[in-house]
Amino acid sequence: MAEIIDGNAVAQSVHAEIRGELSKLNFSRRPCVAFIRVGDDPASVSYVRKKERVAGELGMESRLHLLPESASQEELDSLIDSLNADDSVDAVLVQAPLPPQLDERKTFNRVRPDKDVDGFSNANLGLLCQENPRAFVACTPAGIVELLKRAGVETRGKSAVVVGRSLIVGKPMALLLMRKGMDATVTVCHSKSENLARICAGADILIAAVGRPQTITADMVKEGACVIDVGINRIPCAEKKSGYRLVGDVDFDSVEPKCSKITPVPGGVGPMTVAMLMRNTLNAYKYHMGL
């Protein structure tokens with residue numbers, strides 16, 4: 001049986017570290033994160049509420065700015081500009097996905113790099129490529145690194161396969177695994193990759209971030225591999241009151257017996273994404289306060 005990597009437990013440890021660091025700081029104000037949500041997408045509403053709740057529990061201030069689904073790029077840019085200029089705001093987070101009339105890449109790049117705690121701007125991605133410690137790293141890949149380290153997963157010289165090439169997970173994940181100190185040999189796969197199953201089956205560390213339910217099956221996993229499941233997908237389930245259940249990009253039931261370690265869904269990577277957002281917010285605050 002595989003060891004289940006408990007993301008909730010690791011996230012609580014990160015929260016405790018943040019509380020400890022905050023308790024030692026001489027506050028003239030609390031760290032502040034501003035959330036921008038455009039429209040009322042149910043998943044976005046849920047995610048932002050969770051982030052607000054955790055920020056409050058840690059003693060940080062959060063401010064929620066709502067724009068209608070019909071908001072123009074000019075309206076969104078103006079709001080971002082005002083938050084960029086507000087010295088009482090340390091972090092600015094634009095909740096994705098955005099409505100189709102809005103340009104996500106332009107929006108992410110509009111956030112001032114020292115307030116871009118999501119790490120999606122070209123400035124922070126460039127700093128990550130240069131292995132600059134000042135980079136804000138995208139929260140999900142940063143959380144995965146924490147899970148690997150705290151679970152005792154050896155990455156040096158190991159074969160790591162990342163399935164997915166998004167700017168939010170896949171690309172920064174590959175950069176993190178390659179950087180000095182992690183030293184993995186990284187392969188990135190995507191929808192056009194040939195022999196996907198064979199490539200995955202050679203991985204010591206397999207990270208699934210494709211956004212399709214139960215894509216990774218037992219035949220795609222090496223015996224004794226560590227499997228990190230980034231996906232959160234809803235599939236119909238008549239037995240649930242909600243009418244659906246959450247599953248990952250990995251077929252957990254078939255894959256788990258072959259693994260040495262695996263993350264569950266839910267309760268794996270998800271809690272770490274929020275924890276790393278809070279850590280990035282704390283680091284932005286310390287930078288702005290000259291600490």
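Is Arg279 buried, partly exposed or exposed, and at what relative accessibility? I looked this up and found 21%, so Arg279 counts as partly exposed (buried is under 20% relative accessible area, exposed over 50%, partly exposed in between, with a 1.4 Å probe and protein chains only).

I note that this is a predicted model, in which local features need pLDDT of at least 70 and side-chain atom pairs count only at pLDDT 80 or more, while totals for chains, interfaces and linings use all residues. Residues are numbered from 1 along each chain as its sequence is written, and side-chain values use heavy atoms, with hydrogens and water left out.

Next I searched for salt bridges (a side-chain nitrogen of Lys or Arg within 4 Å of a carboxyl oxygen of Asp or Glu), and the whole structure gave 16.

I then looked at the partner of Arg279, which is Glu146, with the closest N and O atoms 3.2 Å apart. This pair links distant parts of the chain, 133 residues apart, with Arg279 in helix H10 (residues 269-288) and Glu146 in helix H6 (residues 139-150) (helices are DSSP runs of H or I, at least four residues, and strands are runs of E, at least two, numbered from the N terminus). Glu146 is buried at 12%, and a network of salt bridges links Glu17, Glu146, Arg150 and Arg279.

I also checked Asp90, which forms a salt bridge with Arg29 at 2.7 Å between the closest N and O atoms. Asp90 is buried, with a relative accessible area of 0%.

Last, I recorded the salt bridge between Asp40 and Arg37 (2.7 Å, N to O), where Asp40 is exposed at 59% and Arg37 is buried at 9%.
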